[in-house]
Amino acid sequence: MSTRVFIPNDTAARSMGADDVARAIAAHGVSAGLDLTIVRNGSRGAAWLEPLVEVETSAGRVGFGNVMPHEVDTLFVRGQVNLAHDRCLGAVESHPWFAGQQRITFRRAGLIDPLSLDDYERHGGLAGVRRALTLSGAEIVADVTTSGLRGRGGAAFPAGIKWNTVRQAAGTTKYVVCNADEGVYGSFEDRLLIEVDT
């Protein structure tokens with residue numbers, strides 16, 4: 001059975017050498033005769049740990065922080081993940097920075113291949129869209145209003161008011177535009193979300 005190895009493919013991870021690490025892991029897998037499947041996931045948001053390589057094990061995903069290409073050969077010993085490696089962080093979900101988080105918007109970040117619709121659906125993607133398809137426009141707007149959803153920019157304008165205004169406007173064809181504006185300067189939160197989730 002193939003061992004899945006997760007290596008982020010977003011801008012931050014790639015700027016830290018994730019592409020070189022991915023190539024080195026693929027080459028090592030071939031030369032060592034390992035059956036590895038490389039998944040280019042999105043970053044979990046811990047930029048100081050990039051490239052954060054994760055290896056799927058029976059006990060969950062084990063992370064290795066700040067992996068350099070020349071260290072790849074030592075990530076595996078006799079075909080098994082090297083838990084004694086200096087870069088080993090242990091189970092990613094148990095890492096102190098991740099363990100205390102309750103992710104909502106970023107709940108799939110780092111877990112899925114953002115280009116895989118199957119991964120997205122396995123992790124709850126499209127459930128809201130499927131539900132919305134059973135509702136009227138007024139019911140959808142009521143749900144959004146009740147949820148308290150707000151814009152993520154500095155104004156935090158209520159989304160339900162925006163949606164209702166568009167719903168009530170004259171015309172049969174209407175458009176929703178997502179500009180992914182970085183409301184907080186330099187945070188790059190919206191770009192990261194777009195890069196790491198389908």
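Contact, in what follows, means heavy atoms within 4.5 Å. This is a predicted model, where local features need pLDDT of at least 70, side-chain atom pairs count only at pLDDT 80 or more, and totals for chains, interfaces and linings use all residues. Residues are numbered from 1 along each chain as its sequence is written, and side-chain values use heavy atoms, with hydrogens and water left out.

I start with Asp119. Leaving aside neighbours within four places in sequence, Asp119 is in contact with Ile112 and Asp113. Asp119 sits in helix α4; helices (H or I, at least four residues) and strands (E, at least two) are DSSP runs, numbered from the N terminus. The side chain of Asp119 reaches the backbone nitrogen of Asp113 at 2.8 Å. Is Asp119 buried or exposed? Asp119 is buried, with a relative accessible area of 6%. Buried means under 20% relative accessible area, exposed over 50%, and partly exposed in between, using a 1.4 Å probe and protein chains only.

Next, Arg108. Arg108 is in the loop between α3 (96-99) and α4 (117-122). At 7% relative accessibility, Arg108 also counts as buried. Which side chain does the side chain of Arg108 meet in a polar contact? That of Asp197, at 2.9 Å. A polar contact is a pair of N or O atoms within 3.5 Å; within protein, one must be able to donate a hydrogen and the other to accept it, and residues adjacent in sequence count only if both atoms are side-chain atoms. Beyond four places in sequence, the contacts of Arg108 include Tyr120, His123 and Val196.

Now the sheet. Five strands form an open, mixed sheet in the order β2-β1-β3-β4-β7. Two strands pair if DSSP finds at least two bridges between them. β2 (36-39) and β7 (88-91) are at the edges with a single partner strand each, so one side of each has no neighbour in the sheet. Neighbouring strands are turned by 25° against each other on average, direction ignored. Axes here are lines fitted to C-alpha atoms, for helices over the stretch in contact, and angles run from 0 to 180 degrees between N-to-C directions.

Phe64 stands opposite Cys88 in β7. Helix α2 (residues 18-31) lies across β1 (3-6), β2 and β3 (53-57), and runs at about 170° to β2.
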